[in-house]
Amino acid sequence: IRATKDISSEADIIEEIARFYGYEKIEPTLPQVTLGLPPKQPWQELERKIKLFLAHSCHLNEVYHYSFYGPKELTNFEFTHDHVVLKNSLSEEHTHLRTHLLPGMLDGLVRNSTLFDRIATFEVGKTYLPTDEQTLPNERTKVGIMYTDSTDSTPFTTVKSYVDALLSHLEVPYQIFTYTPSDGEQYMQKGRALQIKLGKESFGYIYELSSRIRSKYKVTTKVAFAE
């Protein structure tokens, strides 16, 4: 009998009996469970198709960032919309679930700007929009494309070409319109912003980062972004 008095369940008693009886006397058998292939998920196939196209055809590097940011990003980007606030955040820098991929991707660009003259990245990740307080947030998977090159004076045009190529590859009947940023979108450069629509529904934006946000992050080159 165990000397540590740690028998507290049926499994502990069975283990003791097996130990005394001898594990070698128990014939091993496979569990009576059949394994099959998981059902195909259309969204997974679409996500893979997007990633392969952006990586191989557009020569972009895939990146991953945290799904949350904090007060610094809220101040720098001057967001006016609501966020889901974490009750048990890991740190003071990670207190809000992200609603945009832009803050994380821009932070990654800043970290690498001293190492590379050209940075061309994409991210496919979830964003979280607040709903009723009693329910979970509305999760939306977004695609972000960020590009800057010290030798390219028109990164906005380059990113637009990436978006055109991707949506054509996916056979999406999209339309692009000139867009005027609102008060809560000061990170968009006026005159360098486009809205992507499917029928009457807006589902994306292409824009150059404003000098206002670039100065806050001390970015000296022009940066274009699509989400």
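1. Ground rules before you dig in. This is a predicted model, where local features need pLDDT of at least 70, side-chain atom pairs count only at pLDDT 80 or more, and totals for chains, interfaces and linings use all residues. Numbering runs from 1 along each chain as its sequence is written, and side-chain values use heavy atoms, with hydrogens and water left out.

2. The structure holds 11 salt bridges (a side-chain nitrogen of Lys or Arg within 4 Å of a carboxyl oxygen of Asp or Glu). One of them joins Lys51 to Glu47, at 3.5 Å from N to O. Both residues belong to helix H2 (residues 42-57), and they are 4 residues apart, about one turn of the helix. Helices here (H or I, at least four residues) and strands (E, at least two) are DSSP runs, numbered from the N terminus. Lys51 is buried at 18% relative accessible area, while Glu47 is partly exposed at 21%. For those words, buried means under 20% relative accessible area, exposed over 50%, and partly exposed in between, using a 1.4 Å probe and protein chains only.

3. A pair that reaches across the sequence. Arg98 and Glu123 meet through their side chains in a salt bridge of 3.2 Å, N to O. Arg98 is in the loop between strand E3 (96-97) and helix H4 (102-112) and Glu123 is in strand E4 (residues 118-129), so this pair ties together parts that are 25 residues apart in sequence. Both Arg98 and Glu123 are buried.

4. Lys160 makes a salt bridge with Asp164, with the closest N and O atoms 2.9 Å apart. The two sit 4 residues apart in helix H5 (residues 155-169), which means about one helical turn separates Lys160 and Asp164. Lys160 is partly exposed, at 27% relative accessibility. Elsewhere, salt bridges with shared partners link Glu47, Lys51 and Glu62 into one network.

5. Rings of Phe, Tyr and Trp (its six-membered ring) pair if their centres lie within 6.5 Å; planes under 30 degrees apart are stacked, over 60 edge-to-face and the rest tilted. Phe77 and Tyr187 pair edge-to-face, 6.0 Å centre to centre with 70 degrees between the planes. Phe77 lies in helix H3 (residues 71-77) and Tyr187 in the loop between strand E6 (175-178) and strand E7 (188-198), so the pair ties together parts that are 110 residues apart in sequence. Phe77 and Tyr187 are both buried. They also belong to one aromatic cluster, along with Tyr69, Phe79, Tyr207, Tyr217 and Phe225.

6. Among the buried residues of H5 are Phe156, Val159, Tyr162, Val163 and Asp164. After H5 comes Glu171, with a positive phi near 60 degrees.

7. E6 and E7 pair in the antiparallel sense over 4 bridges (two strands pair if DSSP finds at least two bridges between them). In E7, Lys197 is the bridge partner of Gln175.
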